[in-house]
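Me: I would like to learn how to read residue-level features from a model. Please take me through them one by one.

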Amino acid sequence: MKYLFALGLTVASSSPLVAQIQKGQSITSGTAGLSYSNLKSIVPSGIGASTYGNRLQSFGVSTALNRAVFVKDGWALTYRVNADFTRTTFDDKGGTLPAVSTIRVNVHALGAALGVRRYWAPTGLLLVYAGGGLSASGQQSRITVERLSPPTEPETQIPIRNWSFSPVGEAGLLYRLTNRVALEATLRSEGFPISAGSAGLGLAILTGDANSTITNDPFEAGQTKRGRWLLGASASVLGNEHTENGVNSKNSSATASVQAGQFVADNVLVGASIDYSASRSGNGDAPGAVNYSVGINGFVRSYIGPNRLRPFIEGSVGYGFTKNPGSDVSQRYAALALRGGLAYMLGERVIIQTTLGTLDGRYAWSPNTANLRSTSSINVSATATTLSNFAIYYAL
């Protein structure tokens, strides 16, 4: 990524520093997540034979904190810490199989990064930065296998540990919306040699002395008036490539959504969306097949308060299908979700918003046929993050 630092290096100028990047100030962002899933399947064993079933349960917790603390005007010491835990349990109920077993996999992951950033202020609202540092990550896994029917075998445990250190390069910009909230776009790379890594768009919380002049005064938002129509779209693309012990792996995902709705009252929107998502896992020789999902959702959203920057809450219900490679049957699902976030009224027709918290529940199932596996699953997740998806809306 030879142009990683070009953004920062080309904007260095004699513009005066804004208060937010003076010594003693700081910038904070982070994530937290909780998830649970329960997948059950029934597999026909053949003509005249009984069926057997299995169950796959998983539970996960994740947290991350990013901080930039200004130790000198325009210079910040940065650090990042993250921790993740997942537990996966597979119960094979056997049926006609020779044994019944339970497999448990516990994975603990820790990460940290330390670096330095140089900030510039081309204007009073825009901040640009470039920097670098070092990151460390570790993962410990424990696989436990327990047979529950004759012939009974002792419990088997397999511990696995991995540690890695990587250089970090990053560049980005922040656009200040208020004294405390900024829109942040980042480009980050981890690994050696330095190469393109990941890009992100989210919010950053500005802390320290609020001695700048940006205010969030009351704003008459014409785009949220009763009778107005709102059209919007959002999209995200993520990808990473990793090589360990000579084994190369690639993962990518993409999402897109188109929404339309009408304000049935001031600040109260009723609408529908069409959502699409796709993912792929593989390596350089075999990129892998694409899993994709299509759904339609109805939603009610309420914008709260009279200011240009205002919170919103949203409830939605949806139905769709997921197609997996190697299967002629599509898995169907029904979903409920509750979301909250921040919206920014840009001018008289545009709304820019991001989701900061989500509580999501989904029930999925596939058809029960004579020669295909029947499955059903329940997935529940709760997330809170400043690094969420962004959507742009236009009012008619």
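Me: What should I know about the model before reading values from it?
Reply: This is a predicted model, in which local features need pLDDT of at least 70 and side-chain atom pairs count only at pLDDT 80 or more, while totals for chains, interfaces and linings use all residues. Residues are numbered from 1 along each chain as its sequence is written, and side-chain values use heavy atoms, with hydrogens and water left out.

Me: How many salt bridges does a search of the whole structure find?
Reply: A salt bridge is a side-chain nitrogen of Lys or Arg within 4 Å of a carboxyl oxygen of Asp or Glu. The search gives four salt bridges. One of them joins Lys-225 to Glu-220, with the closest N and O atoms 2.5 Å apart.

Me: Are Lys-225 and Glu-220 buried or exposed?
Reply: Buried means under 20% relative accessible area, exposed means over 50%, and partly exposed is in between (1.4 Å probe, protein chains only). Lys-225 has a relative accessible area of 31%, so the residue is partly exposed. Glu-220 is at 55%, and therefore counts as exposed.

Me: Which side chain meets Glu-314 in a salt bridge of 2.7 Å, N to O?
Reply: That partner is Arg-301. Strands are DSSP runs of E with at least two residues, numbered from the N terminus. Glu-314 sits in strand β13 (residues 309-323) and Arg-301 in strand β12, so the bridge ties together parts 13 residues apart in sequence. Both residues are buried.
A salt bridge also links Arg-339 and Glu-314, at 3.2 Å from N to O. Here the pair connects distant parts of the chain, with Arg-339 in strand β14 and Glu-314 in strand β13, 25 residues apart. Arg-339 is partly exposed because its relative accessibility is 24%, whereas Glu-314, at 8%, counts as buried. Through shared partners, salt bridges join Arg-301, Glu-314 and Arg-339 into one network.

Me: How many aromatic pairs are there?
Reply: Rings of Phe, Tyr and Trp (its six-membered ring) pair if their centres lie within 6.5 Å; planes under 30 degrees apart count as stacked, over 60 as edge-to-face and the rest as tilted. The count by this rule is seven aromatic pairs.
For Phe-70 and Tyr-119, the ring centres are 4.9 Å apart and the planes are at 55°, so this pair is tilted. Phe-70 is in strand β2 and Tyr-119 in strand β4 (residues 101-120), 49 residues apart, and the pair links distant parts of the chain. Both Phe-70 and Tyr-119 are buried.
Tyr-363 and Trp-365 make a stacked pair, 5.7 Å centre to centre with 25° between the planes. Tyr-363 is partly exposed because its relative accessibility is 40%, and Trp-365 is partly exposed at 27%. Phe-70, Tyr-119 and Tyr-129 form one aromatic cluster.

Me: Which residues of the largest nonpolar core touch the most other members?
Reply: A nonpolar core is a set of buried Ala, Val, Leu, Ile, Met, Phe, Trp, Tyr and Cys residues joined through side-chain atoms within 4.5 Å. Among the 14 residues of the largest one, those residues are Leu-230, Tyr-303, Ala-343, Met-345 and Ile-351. Strands β12 (290-303), β14 (331-346) and β17 (390-395) are the elements that give two or more residues to this core. The most comes from β17, with three residues. A second, separate core has 13 residues, including Tyr-119, Ala-121, Leu-174 and Ala-204.

Me: Which residues form a nonpolar patch on the surface?
Reply: Patch residues have over 30% relative accessible area and no salt bridge; like charges are joined within 9 Å, and nonpolar side chains (Val, Leu, Ile, Met, Phe, Trp, Tyr) within 5 Å. Accessible areas come from the Shrake-Rupley method with a 1.4 Å probe, and for residues only the protein chains shown count as cover. The patch consists of Leu-34, Tyr-36, Phe-59, Val-61, Leu-338, Leu-359, Tyr-363, Ile-378 and Val-380, with about 770 Å² of accessible area together. At least two residues each come from β1 (26-43), β2 (52-72), β15 (350-365) and β16 (374-385). Leu-338 is placed in strand β14.

Me: Where is Ala-256 found, and what is Thr-89 in contact with?
Reply: Contact means heavy atoms within 4.5 Å. Ala-256 belongs to strand β10 (residues 247-265). Its C-alpha is 5.9 Å from that of Asp-275, 19 residues away in sequence. Thr-89, in strand β3 (residues 75-92), has contacts that include Arg-55, Leu-56 and Thr-102, leaving aside neighbours within four places in sequence.

Notes: Helices (H or I, at least four residues) and strands (E, at least two) are DSSP runs, numbered from the N terminus.
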